[in-house]
Amino acid sequence: PPKMARPTETGRARFDALFDELKNELDIVGASMFGMPSIKRRGGKTFAGLYGEDMVFKLEGDAQATALALAGAHLFEPMAGLEG
């Protein structure tokens, strides 16, 4: 079976910096989702994670369209090309 991409050192440093910045403004906690380092609202759902060197965010509507317009942004497909 395919394996998840492990966080890189660079990716983890960026993830930790984002978490440190967000925790000053939001009531969040570190979490793990399917073995992926993640961020969620306390008592809520996961909204961000780290997959290899890629940051993953759960966004909708205009926020998603704006994010996908950024250089290097793409939809999250951990097992691209595999059909369920």
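Predicted model: local features only at pLDDT ≥ 70, side-chain atom pairs only at ≥ 80, totals over all residues.
The buried residues of α1 are G11, F15, F19 and L22. Looking down the helix axis, these buried residues fall within an arc of 70 degrees, so they line one face of α1. What they pack against is the sheet: the buried residues of α1 meet β1, β2, β3 and β4.

The helix itself covers residues 9–23 and lies across β1, β2, β3 and β4, running at about 10 degrees to β2. With 15 residues, α1 reaches 21 Å from its first C-alpha to its last, close to the 21 Å expected at 1.5 Å a residue. Another residue of α1 is A13. With a relative accessible area of 48%, A13 is partly exposed. A13 and E53 are 40 residues apart along the chain, and their C-alpha atoms are separated by 9.8 Å.

Stepping back to the whole chain, there are 2 helices and 4 strands. Read along the sequence, they come in the pattern α-β-β-β-β-α. Of the 84 residues, 19% count as buried. As for contacts with a separation of 6 or more, 34% of them come from residues 24 or more positions apart.

Now for the sheet. Its 4 strands are arranged in the order β1-β2-β3-β4, making an open sheet with antiparallel pairing. At the edges are β1 (28–33) and β4 (54–57), each of which pairs on one side only. From one strand to the next, the twist averages 25 degrees.

Two of the strand pairings can be followed in some detail. β1 and β2, the latter made of residues 36–41, pair in the antiparallel sense over 6 bridges. Within this pairing, V29 has K40 of β2 as its bridge partner. Over at β4, the pairing with β3 is also antiparallel and runs over 4 bridges. Here G49 stands opposite V56 in β4. The hairpin of β3 and β4 has 2 residues between the strands, and in this hairpin G52 takes a positive phi near 65 degrees.

The rings of Y51 and F76 have their centres 5.2 Å apart and their planes at 75 degrees, so the pair is edge-to-face. F76, at 40% relative accessibility, counts as partly exposed.

Note on methods
Residues numbered from 1 in each chain as written. Heavy atoms only, no water. Pairing = 2+ DSSP bridges. Axes fitted to C-alpha atoms, helices over the stretch in contact; angles between N-to-C directions. Contact = heavy atoms within 4.5 Å. Expected span 1.5 Å × (residues − 1). Buried < 20%, exposed > 50% of the residue type's maximum accessible area, 1.4 Å probe, protein only. Arc of directions from axis to C-beta. Phe/Tyr/Trp six-rings, centres within 6.5 Å; stacked < 30°, edge-to-face > 60°.
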